Amino acid sequence: MEPIVFVGFVTVRVFVWVSVGGGNKLLFGVAGVVMDKADFQSFLKVLPPVEFCCVYGSALHPNNVDKSTVVDYILGVSNPEQWHSQNLKMNKNHYASWLAHLGGAKLITEIADEIGVGVHFNPFVSWNNKDIINWERFYLSGRLQKPVCILVDNLDIEKVNSANLRAAISASLLLLPPKFTEEDLYAKICGLSYTGNLRMLFAEDRNKVKKIVQGQFGLFQSRYKPFLEEYESKELLRLTSSGTHQTHISQDCSLSLARSLVNSLPPNIRSQMGMKLGEKKRLSEFGRIIHEVSIGSREEAANCMRKVLQRKVMVSSARQAVSGVVTVGGVKAAKYLANKMCKAWKSLR
């Protein structure tokens, strides 16, 4: 199978993620209006062919009434430079004018890779399995931890993403107390990719995570409930139904279970935690040397993981912001930021 890349845009919002030589890069991004599934699919008709496509964001809220809400797409293609070359001919207005005239598809992909996080982002048309599985930049992986509506999947990305969802649960459980609700869990999962995001300081709705979880609660359930039931069968969690629509959950907060959760995190996260807390070696039952993070307490592990994720998100959000200004132009970038700041201001009133 050809290596795959992912792209994305925004005023319909899309992303392109690319995986080259076994690696993946997010290349393109667009935002737009609220649409149903048929409308989502109709947008693909104005783009070059893709191998993967899903939709995420506020448009998936069953009770969404904000008709100005943008729609986010994630697109997967086998050759990002070729895809952008075709899209330049079909939709030149998706790109900054100087970039379309002087740089072309090659420069678009280079800027996305070298300055951004592998994504060309345009807030107003408008990676590799490594980020999904290993959380190298925690950009695309964070978005795929939330509910999405898959329109095209010739790459079996949904199957690959199951490892990402499991890791999100492990990270969230490490941050949660002994007893919590199902909504608490989903809010913690949803908040992982916002922790450290520079936009959350001044350009995002302060209630964003709460609105996402409450608006898409049923979608979160369908996404994570099978994993929770599996963990219950292994006696890792205890689930208790209540008279409400959600479940109460209790977990063992012992040091041994904390170590198990850390071992379930992506290798890249474990490696960075090991550099901070130290590592120890042990032999597996197959005779392989395994590096484990040295954990003195559950709280120490949780704080260390939180800091690692915060830094990843902060760096990725900063790089993507710079890349966005360069590739889509200052006017569109300023307009997008102004819309975000307006929402943030309204959330404080």
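Two strands are taken to pair if DSSP finds at least two bridges between them, and the helices (H or I, at least four residues) and strands (E, at least two) named here are DSSP runs, numbered from the N terminus. The structure is a predicted model, in which local features need pLDDT of at least 70 and side-chain atom pairs count only at pLDDT 80 or more, while totals for chains, interfaces and linings use all residues. Residues are numbered from 1 along each chain as its sequence is written, and side-chain values use heavy atoms, with hydrogens and water left out.

**Confidence**

With pLDDT being the predictor's confidence in each residue, from 0 to 100, the chain averages 75, and 65% of the residues score at least 70. Among the elements of the chain, the lowest mean pLDDT, 34, belongs to strand S3 (residues 25-28), and the highest, 96, to S7. Over residues 8-35 the pLDDT stays under 50, and the model has 221 contacts (heavy atoms within 4.5 Å) for them beyond four places in sequence. Residues 117-128 likewise stay under 50, with 114 contacts beyond four places in sequence.

Strands of a sheet pair through backbone hydrogen bonds, either parallel or antiparallel. Here three strands form an open sheet in the order S7-S9-S8, with antiparallel pairing. Strand S7 (179-181) and strand S8 (237-241) stand at the edges, each with a single partner strand, so one side of each is left without a neighbour in the sheet. Neighbouring strands of this sheet are turned by 25° against each other on average, direction ignored. Strand S9 (residues 247-251) is joined to S8 by five bridges, the two running antiparallel, and within S9 the bridge partner of Leu237 is Gln251.

Helix H7 (residues 182-192) lies across S7 and S9 and runs at about 85° to S7, whereas helix H10 (residues 217-233) lies across S8 and S9 and runs at about 115° to S8.

**Aromatic pairs**

Rings of Phe, Tyr and Trp (its six-membered ring) pair if their centres lie within 6.5 Å, and planes under 30 degrees apart count as stacked, over 60 as edge-to-face and the rest as tilted; by this rule the count comes to five aromatic pairs.

Phe220 and Tyr224, by contrast, both lie in helix H10, four residues apart, about one turn of the helix. Ring pairs link Tyr186, Phe217, Phe220 and Tyr224 into a cluster. Buried means under 20% relative accessible area, exposed over 50% and partly exposed in between (1.4 Å probe, protein chains only); both Tyr186 and Phe220 are buried, the latter with a relative accessible area of 0%, and Tyr224 is buried with a value of 0% as well.

**Val209 and helix H9**

Val209 has its place in helix H9 (residues 208-215) and, at 18% relative accessibility, counts as buried. Not counting residues up to four places away in sequence, Val209 touches Ala187, Cys190, Gly191 and Tyr194. The C-alpha atoms of Val209 and Lys188, 21 residues apart along the chain, are separated by 8.6 Å.

**Strand S5**

Six of the six residues of strand S5 (residues 72-77) are buried, so S5 is largely enclosed by the rest of the structure. In a regular strand the side chains alternate between the two faces of the sheet. Asp72, Ile74 and Gly76 point one way from S5, and Tyr73, Leu75 and Val77 the other way. Strand S4 (residues 52-56) is joined to S5 by five bridges and runs antiparallel to it, with Cys54 standing opposite Ile74.

**The loop between H4 and H5**

Most residues other than glycine have a negative phi, and most peptide bonds are trans. Trp135, found in the loop between helix H4 (129-134) and helix H5 (140-143), has a positive phi near 55° and is buried, with a relative accessible area of 0%. Phe138, placed in the loop between H4 and H5, has a positive phi near 50° and is buried at 2%.

Technical notes
Axes are lines fitted to C-alpha atoms, for helices over the stretch in contact, and angles run from 0 to 180 degrees between N-to-C directions.
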